[in-house]
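Please follow the chain through its domains, sheets and helix contacts with the structure open beside the text.

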Amino acid sequence: MIYFDNSATTKPYKEVLESFIKVSSEYFGNPSSLHGFGGKAERLLMQAREQIAHLLNVKHNEVYFTSGGTESNNLAIKGTALMHRKRGRHIITTGLEHASVKEAMDQLKELGCSISIIAPDKNGIVHAEDIEKEITPETILVSVMHVNNEIGSIQPIKEIGEMLKKHSRVVFHVDNVQGIGKVPLDLYQASVDLCTISAHKFHGLKGNGVLFIRDGLRLSPLLSGGNQEWKMRSGTENVAGIVAMAKALRLTINNMERRLSQILSIKRYIFEEMNKIEGITVHTPEKNSAPHIVNFSIEGFKAEVFVHALGERGIYISTTSACSSKKAAASSTLMAMGIPEKDAKSAVRISLSYDNTMEEAEVFIEAVKENVIRLREVMKS
Ligand SMILES: Cc1ncc(COP(=O)(O)O)c(C=O)c1O
C-alpha cells in the first residue's frame, strides 16, 4: 500500500498506541477523583500538558484539551463571539477555511453576526492588508488558517499578527491543523491568541486536540458541566489519548528536524514529474506551500474516477478535503482562487508524511502516467 492521504489522517505511531494502551489499562482512574489512583491520572494529564506546552513553546496554562480540530475551531470562534457579543459582532475570515470554521461562521451569521470573507490570490494566499481594510470598531475576531488543507498554501500568519497589533481588541485565531509538525509557527512571535491542532493529523489518535488560548484571554465555554480544563471545556478527560498525543507531537517534531529535507525532495520530484505530464495542472503554489501537499487537476477526468483508479492499485490519495470528498463538490479553495469549476472538480490531492519514500513517489508517478493514458483510451472508445 502507498498511503498518500496524510492530510485526511495519519497512521498512529507504534509508540503512540503503546502509550494509549498502557495508560488505558494501568491508569484508568478519573483525574478528578480524590483518591490516589485518580491523582496518578491527574499527574499524567499534567505531564502531557507540560510536554505539549514545551513543544509548542507556550505556557502549560495556555494548553486546553479538546476532542480535535473541529471542536477547537468551534470553541475558538463561537467562544469568542459569545464572550464579546456586547462589544461587537463582526468577524473576519478567509475563503480558504476548513468546514469546521466555515460552518461555525455560517451559524454565527444566522445568530446576527456579520462575517467578512477575504478572498485569496491566485496562489491561494490571503494578504494582511486585505484583512486590515475590513476591520471596523465592531470587529472582534480574525480567523485565518496556517496551511490550507486542500492545496497546501501557507498563509502569512506572522504578517497578519503584526498588523493586528495595531488593533489590540481583535482576537487572532489560527487553525494550524495542517501546519503543525510541517511548517514551524512561533505563536508568541506571530501574536496568535488562539490556535487549533488535532492529534490524528500528526500520528496521534482521532478524538484528541488542543486549543491554545493565550494567557488572560477569556472565551465562553461551549461545553458546561464538571468544570474540567479550568471551566473552559467540561467532560472527563481522555487521559490516554492526551498522553498519546503528547508522544505523537514529540515524535513528529523530532521527525521535522531530521526528515524535512527528505519530504521536500519527494515533493519537488512529484512537482517536476507532474508538470511534464500532458493535461495535468498543478494548483499548489511552488513557493509558500507546505512540504507535504500537492494538488493537481487532470484535464477531462472527474477527480473520483482517478482516485478510484489509483485505489485499485493500492495507492491512496484524495479528492479535496476528506470531509467534503464524498459530496463530489468542486473544491471550495480552488473556486476561491478563481480556478474554473470544471478544473476544480477534477482536482486531486496527495499528502505525504515523514514515513513516505522516494520509491513510493516513483511508483505513484508511473501509476499516474499509465492511468492518464488508459483513461484517455477508454474515453475515446
Ligand atoms: C485545516 C483543518 N482544520 C480542521 C480540521 C478538523 O480536524 P478534526 O478532524 O480533528 O476534527 C481539519 C481536518 O481535516 C483540517 O484539515
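Helix 1 passes helix 7 in a right-handed crossing, and in this predicted model the two helices pack at an angle of about 155 degrees, with their axes 8 Å apart. Because an angle over 145 degrees counts as roughly antiparallel, helix 1 and helix 7 are described as roughly antiparallel to each other. On the side of helix 1, which spans residues 14–26, the contact involves Glu 15, Val 16, Ser 19, Phe 20, Val 23 and Ser 24, and these residues meet Val 239, Ala 240, Gly 241, Val 243, Ala 244, Lys 247, Ala 248 and Leu 251 in helix 7. The residues of this contact between helix 1 and helix 7 divide into nine nonpolar, three polar and two charged.

Helix 7 (residues 239–276) also has a contact with helix 2 (residues 36–56), where the axes come within 9 Å and cross at roughly 25 degrees. Since angles under 35 degrees count as roughly parallel, helix 2 and helix 7 are roughly parallel to each other, and their crossing is left-handed. From helix 2 the contact draws on Ala 41, Leu 44, Leu 45, Ala 48, Gln 51, Ile 52, Leu 55 and Leu 56, while helix 7 contributes Val 239, Ile 242, Val 243, Met 245, Ala 246, Leu 249, Arg 250 and Ile 253. By residue class, the contact of helix 2 with helix 7 holds 14 nonpolar residues, one polar and one charged. Val 239 and Val 243 of helix 7 are listed both in the contact with helix 1 and in the contact with helix 2.

The domain assignment of the protein gives domain 1, made of residues 2–8 + 259–380, and domain 2, made of residues 14–250. The C-alpha centres of domain 1 and domain 2 lie 28 Å apart, and 28 residues of domain 1 are in contact with 25 residues of domain 2.

Seven of them form an open sheet with mixed pairing, in the order 2-8-7-6-5-3-4. Its edge strands are strand 2 (63–66) and strand 4 (114–118), each of which pairs on one side only, and the twist averages 20 degrees from one strand to the next. Within the sheet, strand 5 (residues 139–145) and strand 6 (residues 171–175) pair in the parallel sense over five bridges, and in this pair Val 142 stands opposite Phe 172 in strand 6.

Another open sheet is formed by three strands in the order 9-10-12, and here the pairing is antiparallel. Strand 9 (280–282) and strand 12 (347–351) stand at its edges, each with a single partner strand, so one side of each is left without a neighbour in the sheet. Neighbouring strands of this sheet are turned by 30 degrees against each other on average, with direction ignored. Strand 10 (residues 293–298) and strand 12 run antiparallel and are joined by five bridges, and Phe 296 stands opposite Val 348 in strand 12. Helix 7 packs on this sheet as well, touching strand 9, strand 10 and strand 12, and its direction makes about 10 degrees with that of strand 10.

The crossing of helix 8 and helix 11 is right-handed. Val 305, Phe 306, Ala 309 and Leu 310 of helix 8 make this contact together with Phe 364, Ala 367, Val 368, Asn 371, Val 372, Arg 374 and Leu 375 of helix 11. The residues of the contact of helix 8 with helix 11 divide into nine nonpolar, one polar and one charged.

Conventions:
Residues are numbered from 1 along each chain as its sequence is written. This is a predicted model: local features need pLDDT of at least 70, side-chain atom pairs count only at pLDDT 80 or more; totals for chains, interfaces and linings use all residues. Side-chain values use heavy atoms; hydrogens and water are left out. Axes are lines fitted to C-alpha atoms, for helices over the stretch in contact, and angles run from 0 to 180 degrees between N-to-C directions. Helices (H or I, at least four residues) and strands (E, at least two) are DSSP runs, numbered from the N terminus. Angles under 35 degrees count as roughly parallel, over 145 as roughly antiparallel, 65 to 115 as roughly perpendicular and the rest as oblique. A crossing is left-handed if the near helix is turned anticlockwise from the far one by less than a right angle, and right-handed if clockwise. Contact means heavy atoms within 4.5 Å. Ala, Val, Leu, Ile, Met, Phe, Trp, Tyr, Cys and Pro count as nonpolar, Asp, Glu, Lys and Arg as charged, and the others, Gly among them, as polar. Two strands pair if DSSP finds at least two bridges between them. Domain bounds come from an automatic or database domain assignment.
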